Amino acid sequence: MAEQYLNKTGLSRLWSKIKSLITGNNEALLWDVIRLNVKGSTGITLTTLPDSITEIPDNEFENLENVALTTLPSGLTKIGASAFSNCPNVALTEIPYSLTEIGASAFKNCISLNLSNWQMGQIASIGDYAFQGASRININSFNRNNMNIGQYAFSGANVSINNDLDVGNGTIGNYAFKNCTSIGEVYYITAGIIGAGAFEGCTNLAISEYYGKEISATTINNNAFKGCTSLTEIVIGSNVNALKSFNFPAGGAFYNCTGLTSVTFKGTPTTIGTKAFGKCTNLTDIYVPWAEGEVANAPFGATNATIHYNYTGV
């Protein structure tokens, strides 16, 4: 296998020098050769990896301009932290379905990615800053129960989501999609926890009317949807216990969502912050199933809204 790989990647001239040292299928020596030539001064460009590779170690190709992969091994299960961080010529078109873990900063600032119709497959965790500042990431669907998306995982990236954003009881980390203006309409959003600033500045984010415009999580943290000006009518799921807000600095779960006109609660949260809907200047109607006075802090910062108590129309 080693000889085939060296021939395939343009390293065949080295084979005669190391052949006598290799017995059997010596992957360790093969990787030593790859690292020597990719990270050394030979100028060789890496365009493929051996099919047998199942994990890419932490920091393996960090900051290398001569790594120009377009595919990854089909049996890959883990990409380590900063494995491809700041690799401007990594131009992957797909992520293997077998992958279960993407480490922190794994593809940070990879500006040549061209992921089309990415299927989440077996992925259980996407680390902090994993795709921060990366380009052209088209995700078919986030539909993995208990998936955890780290803080700033996609912040500032050129990312789009075709269908639903559903991580089950998992977590969408703080600022995970901050300023991802390329995210448009999604079917619905479901998580255990939606972190602070998770979708802050996602000015084109909208929730599909066809699927009920629902956002569902146990906790929706401060500024989670701050400045999401394309949200118009939303439904807060029955499992939501808290919509948080801070007094200083000013903010709330849906702070400054100026396009928001109507909010409907399916259940009765235990806590809604005083500025959960602060500066939602066009929010005129909030429909709730509880009686007046049952949940504190009304009108939750929505100074122009009428609260319709004991509402059962959902």
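Trainee: Why is Trp118 called buried?
Mentor: In this predicted model, Trp118 has a relative accessible area of 2%. The term buried applies under 20%, so Trp118 is buried.

Trainee: How many aromatic pairs does the chain contain?
Mentor: With ring centres required to lie within 6.5 Å, the count comes to 20 aromatic pairs.

Trainee: What makes the pair of Trp118 and Phe131 tilted?
Mentor: The ring centres of Trp118 and Phe131 are 5.5 Å apart, and their planes stand at 55 degrees. Stacked requires under 30 degrees and edge-to-face over 60, so an angle between these limits counts as tilted.

Trainee: Which parts of the chain does the pair of Trp118 and Phe131 tie together?
Mentor: Trp118 belongs to strand β4 (residues 115-119), whereas Phe131 sits in the loop between β5 (125-126) and β6 (137-143); the pair therefore ties together parts 13 residues apart in sequence.

Trainee: How do you know whether Phe131 is buried or exposed?
Mentor: The relative accessible area of Phe131 is 0%. The limit for buried is under 20%, so Phe131 is buried.

Trainee: What makes the pair of Phe142 and Phe154 edge-to-face?
Mentor: Their centres are 6.0 Å apart and the angle between the planes is 85 degrees. Edge-to-face means over 60 degrees, and the value of 85 degrees therefore gives that label.

Trainee: Where in the chain do Phe142 and Phe154 lie?
Mentor: Phe142 is in strand β6 and Phe154 in the loop between β7 (148-149) and β8, so this pair ties together parts 12 residues apart in sequence. Phe142 is buried at a relative accessible area of 0%, and Phe154 counts as buried at 0% relative accessibility.

Trainee: Where does Asp164 lie, and which residues is Asp164 in contact with, leaving aside neighbours within four places in sequence?
Mentor: Asp164 is in the loop between β8 (159-161) and β9 (165-166). With those neighbours set aside, its contacts are Ser141, Phe142, Asn143, Tyr187 and Tyr188.

Trainee: How do you know that Asp164 has no salt bridge?
Mentor: The nearest side chain of opposite charge to buried Asp164 is that of Arg144, 11 Å away. A salt bridge requires a separation within 4 Å, so Asp164 has none.

Trainee: What makes the pairing of the Asp164 and Ser141 side chains a polar contact?
Mentor: The two side chains come to 2.5 Å.

How values were computed: Residues numbered from 1 in each chain as written. Predicted model: local features only at pLDDT ≥ 70, side-chain atom pairs only at ≥ 80, totals over all residues. Heavy atoms only, no water. Helix = DSSP H or I, 4+ residues; strand = E, 2+ residues; numbered from the N terminus. Buried < 20%, exposed > 50% of the residue type's maximum accessible area, 1.4 Å probe, protein only. Lys, Arg positive; Asp, Glu negative; His and termini not counted. Polar contact = N/O pair within 3.5 Å; in protein donor to acceptor, adjacent residues only side chain to side chain. Contact = heavy atoms within 4.5 Å.
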